[in-house]
Amino acid sequence: MKLYWIVSEVAPFAKTGGLADVAGALPKALAALGHEVRVAMPLYQSVVRARFDIRPTDLRLAISVGARVRDVRIWEGALPAPTNGGAGRQVVVYFVECAPLFDRGELYHATGRDYPDNLERFSVFAQAALGLLPALSWQPEVLHCHDWQSALACAHLAMGAVGSQPFFAPLATVLTIHNLAYQGLFPQAQWPLTGLPEAAFTMNGLEFYGQVNCLKGGLVSADGLTTVSPTYSREIQTSAFGCGLEGVLRARAEDLTGIVNGIDPSEWNPRTDPHLAARFGPGQLAGKAVCKLELQQRSGLAEHNGLLIGMIQRLTEQKGLDLFLEGAPRLLALPLQIVILGTGEPRYHEQLQQLAEQFPGRLAVHLTFDEALAHQIEAGADAFLMPSRFEPCGLNQLYSLRYGTVPIVRRIGGLSDTVVDVTPASSAARTATGFVFEDYAAGAMAGAVKRAVAAFRDHTLWSSLMAAGMQQDVSWSRSAREYVTVYERAIAKRQMNKATTTK
Ligand code: ADP
């Protein structure tokens, strides 16, 4: 199958969260299954061209947005091959260069505020990513878009002028929702920037209570929809989690599939991880103790052999920061230490810093984005806390499982699909991998952490939790096959639609 991804961030080129990890890993897993995958992303300032051998091509496009024409140049590179020399074709990556729009310090916002021209930025990106296909004479069978930033490409195929070009007619479309909370909402006055006809600004199109909703444009028009865990696929059809789009999603329930994310085993492998002071793996855990000591030293924590809890996250309400801040004094009354890595809302930066000052040597806070430190925390911590308010899939609990770091999570979204709570039954069956709590309440979170502290003292129980986690298959191979099924269904649907419209 020939697959084309349009996505706004791809690891290792540019990353703000889990989307980049998925876009850096799943295409390689699909390529390993024998498919040809090519990816398009913007050429941001942070993409280090020389390091990844990204070169300019002769391909230039002129994209009309509103009254303006933006000149775009396409660069070309490839996803780095797996370090273990794994199988699979190379994944070609096209970078859309438009310096006035993408040559900026951040991907989506500066100092906590979205760039005011984000609609123009991602409209140009989506249109250029589509426009380069006929220019290359490369005809994929499936276009796979991700979140609001590329959902416009699906809308253009279904409702825009490109959709009527014969070149694009056979192209089936799939949209993955990585996080429904970000929809790309813009005032109606900006509509011309979408490049779509007026007729698409309706309730059945991109209109959402008088505003332009880019994600909705993809939700109503893609042949197939996926999201990143089965539980989240059900949650988003309810008013509690649907962010106003639950009705649209319910109407498309038959086309919506939840597929749990995997991890890139070449990036996240404690046996080979270059960021670690010592390597380790199942049955060879001495290196993990070295990583713990190193993490304590680097973070200014006392040397202590109680439970060390790690947290790595965007500092937003979604991740349960309010719950954590409310419950932290209760947690820190227990014999444990906490290390946090994150960036995000300024109010959380301040509150975490104050908390760290209250608990020197017990709570360490790193308010930065640091890929190496993320690996060191996954390796050095004993447990990993994710008290999320909602969590489409979550990747850190998967990294934790692989690194023998026992997850403590709320039963929500992908967390409930990937962590098995310690109960008498799951302990007996040796299937337990972590601690799960139900309510979004500081007491419930503290209860799960208390259970973890008690279990940590029971060497046999803790070892069996680590072993069960490390044995889980959290790689992409199974999920990649599920995506192939979604692609096949989207192709069949597109062919059926074509047949009915040409009758
Ligand atoms: P989300 O996509 O909602 O942010 P995920 O758990 O799916 O959450 O993925 C987050 C990814 O971003 C993980 O790879 C995590 O390690 C990484 N990450 C988040 N914050 C930081 C940070 N401050 N430094 C390094 N990596 C981070």
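Which residues does Gly-361 touch, not counting residues up to four places away in sequence? The first view answers that, after two notes on the model. This is a predicted model, with residues numbered from 1 along each chain as its sequence is written. Local features need pLDDT of at least 70, side-chain atom pairs count only at pLDDT 80 or more, totals for chains, interfaces and linings use all residues, and side-chain values use heavy atoms, with hydrogens and water left out.

**View 1. Gly-361 and its contacts from elsewhere in the chain.**
Gly-361 touches Gly-300, Leu-301, Ala-302 and Gln-337, where contact means heavy atoms within 4.5 Å. You'll find Gly-361 in the loop between α10 (346–358) and β17. Helices (H or I, at least four residues) and strands (E, at least two) are DSSP runs, numbered from the N terminus. Ser-299 sits 62 residues away from Gly-361 along the chain, yet their C-alpha atoms are separated by 8.5 Å.

A polar backbone atom of Thr-368 lies 2.9 Å from a nitrogen atom of the ligand, and one of Leu-395 lies 2.9 Å from an oxygen atom of the ligand. On its own the ligand exposes 560 Å², and the protein buries 93% of that; accessible areas come from the Shrake-Rupley method with a 1.4 Å probe, and for residues, only the protein chains shown count as cover.

**View 2. An open sheet of six strands with parallel pairing.**
Read across, the order is β17-β16-β15-β18-β19-β20; two strands pair if DSSP finds at least two bridges between them. β17 (363–366) and β20 (435–437) stand at the edges with a single partner strand each, so one side of each has no neighbour in the sheet. On average, neighbouring strands are turned by 20 degrees against each other, direction ignored. Axes are lines fitted to C-alpha atoms, for helices over the stretch in contact, and angles run from 0 to 180 degrees between N-to-C directions. Four bridges link β16 and β17 in the parallel sense, with Val-339 opposite Ala-364 in β17. Helix α15 (residues 442–457) packs on this sheet, touching β15, β16, β18 (383–386), β19 (406–410) and β20, and its direction makes about 165 degrees with that of β20.

**View 3. An open sheet of three strands, ordered β10-β12-β11.**
The pairing here is antiparallel. β10 (185–187) and β11 (207–208) take the edges, each with a single partner strand, so one side of each is left without a neighbour. Three bridges join β10 to β12 (residues 211–213), and Pro-187 faces Gln-211 in β12. Helix α5 (residues 214–221) packs on the sheet, touching β10, β11 and β12, at about 55 degrees to the direction of β12.

**View 4. The β3–β4 hairpin and strand β5.**
β3 (residues 55–65) and β4 (residues 68–78) pair in the antiparallel sense over eight bridges, with Ile-63 opposite Arg-70. Two residues lie between the strands, and Gly-66 in the turn has a positive phi of about 60 degrees. β4 also pairs with β5 (residues 92–97), antiparallel over six bridges; there, Ile-74 has Val-96 as its bridge partner.

Key. A polar contact is a pair of N or O atoms within 3.5 Å; within protein, one must be able to donate a hydrogen and the other to accept it, and residues adjacent in sequence count only if both atoms are side-chain atoms.
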